[in-house]
Amino acid sequence: MRLVFAGTPEVAVPALDALIASDRHEVVAVVTRPDAPAGRGRRLVASPVAERAEEAGIEVLKPAKPRDEDFLARLREIAPDCCPVVAYGALLPKAALDIPAHGWVNLHFSLLPAWRGAAPVQHAVLAGDEVTGASTFQIEEGLDSGPVFGVITEEVRPTDTSGDLLTRLALAGAGLLAATMDGIEDGTLQPVPQPGEGITLAPKLEVEDAKVDWTAPALRVDRVVRGCAPAPGAWTLFRGERLKLMSVGRVADRTDLAPGELAVTKKAVYAGTGSHAVELLWVQPQGKKPMRGADWARGVRIGDAERLGD
């Protein structure tokens with residue numbers, strides 16, 4: 001099939017690579033979000049998908065909005081058979097959905113209908129799911145509600161951050177998306193409607209969602225830190241300034257600290273929660289680089305009864 005691939009971030013690149021490598025399909029163009037400011041200089045930078053497509057000599061389309069008539073006209077000229085999608089980042093209008101003969105097929109990083117929305121991996125970690133996965137489905141106008149072509153499953157490991165889990169799902173999901181294109185092309189794969197029960201939503205995590213509640217149990221604190229890593233990044237306040245929490249460890253045998261209360265030893269720093277303490281393994285003070293929790297504690301010279309939080 002003639003394919004137009006839609007995607008933007010680094011997590012979409014493995015799927016693009018898998019389709020470029022396919023001997024059954026041709027990626028004739030890529031659709032991605034416009035160049036965005038990045039870095040201290042805030043200069044415009046192309047998306048990872050755009051950079052990979054340009055390396056491969058593939059035409060890159062960067063519509064400000066996918067309903068733009070110039071973009072739709074070019075897509076009609078290309079006349080793709082199917083448009084595979086991975087984390088494109090914009091809603092597709094019906095005018096675009098109707099162009100390819102086999103529609104648009106999305107690789108979504110959850111076991112649909114669980115975790116429909118922008119942040120399925122983060123919400124799986126936050127919820128303590130033991131198993132998640134990826135699904136390919138036909139895009140329709142509803143939110144991640146289209147019929148499903150195929151799924152793969154992936155164990156959520158006890159120490160997984162969202163970044164760890166997403167990296168594995170992106171690699172495994174690339175094979176699933178390529179296999180889905182094969183099945184659509186040869187007619188052996190038909191999508192199955194999603195069940196009406198078991199629907200959960202996974203909206204984008206905002207900065208406020210990543211604020212740690214020290215009255216919550218240590219298990220919840222750990223999930224928030226892992227689920228919000230690398231973005232938006234779990235955080236708390238210390239002496240009125242924001243402190244990013246990059247990694248914590250649960251310490252089941254220490255229950256003497258009040259929520260947010262700090263205790264420092266020669267080699268570690270602990271914070272109380274609503275259950276038992278957690279060790280602050282890696283933190284990042286405002287305006288500084290990540291550092292070990294114990295090094296941070298020595299540097300700020302934590303006093304008696306000091307605590308994290310408001």
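This report walks through helix packing, a salt bridge, some backbone details and a surface patch in a predicted model.

## Helix 1 and helix 6

Let's start with a pair of helices. Two packed helices are described by the angle between their axes and the distance between the axes. Helix 1 covers residues 13-21 and helix 6 covers residues 162-186; their axes come within 8 Å and cross at roughly 40°. Angles under 35 degrees would count as roughly parallel, and helix 1 and helix 6 are therefore oblique to each other. Their crossing is right-handed.

Who does the touching? On the helix 1 side, the contact is made by Pro-14, Ala-15, Ala-18 and Leu-19. Helix 6 brings Ala-170, Leu-171, Ala-174, Leu-177, Ala-178 and Met-181 to the contact.

## Helix 1 and helix 2

Helix 1 also packs with helix 2, which spans residues 48-55. Here the angle is about 25° and the axes are 10 Å apart. With angles under 35 degrees counting as roughly parallel, that makes helix 1 roughly parallel to helix 2. This crossing, too, is right-handed.

For this contact, helix 1 uses Val-13, Leu-16, Asp-17 and Ile-20. From helix 2 come Pro-48, Val-49, Arg-52 and Ala-53.

## A salt bridge across the chain

Side chains of opposite charge can pair when their charged atoms come close. Counting a side-chain nitrogen of Lys or Arg within 4 Å of a carboxyl oxygen of Asp or Glu, there are 18 salt bridges in the model.

One of them pairs Asp-186 with Arg-24, and their closest N and O atoms are 3.3 Å apart. This pair ties together distant parts of the chain, with the two residues 162 residues apart. Asp-186 sits in helix 6, while Arg-24 is in the loop between helix 1 and strand 2 (26-31).

## Backbone details in the loops

Now for a few details of the backbone. Leu-112 and Pro-113 are joined by a cis peptide bond, with omega about 15°. You'll find Pro-113 in the loop that runs between strand 7 (104-108) and helix 5 (120-126). Trp-115 also belongs to the loop between strand 7 and helix 5. Its phi is near 55°, a positive value in a residue other than glycine.

Another cis peptide bond joins Ala-229 and Pro-230, this time with omega about 10°. Pro-230 lies in the loop between helix 7 (218-227) and strand 10 (235-238).

Which residues make the nonpolar surface patch of about 280 Å²? Leu-143, Ile-199 and Leu-201 do. Leu-143 belongs to the loop between strand 8 (131-138) and strand 9 (148-155).

Definitions and conventions
Residues numbered from 1 in each chain as written. Predicted model: local features only at pLDDT ≥ 70, side-chain atom pairs only at ≥ 80, totals over all residues. Heavy atoms only, no water. Patch = residues over 30% accessible without salt bridge, like charges linked within 9 Å, V, L, I, M, F, W, Y side chains within 5 Å. Areas by Shrake-Rupley, 256 points an atom, 1.4 Å probe, with all protein chains shown as cover. Helix = DSSP H or I, 4+ residues; strand = E, 2+ residues; numbered from the N terminus. Axes fitted to C-alpha atoms, helices over the stretch in contact; angles between N-to-C directions. Parallel < 35°, antiparallel > 145°, perpendicular 65-115°, else oblique. Left-handed = near helix turned anticlockwise from the far one by under 90°. Contact = heavy atoms within 4.5 Å.
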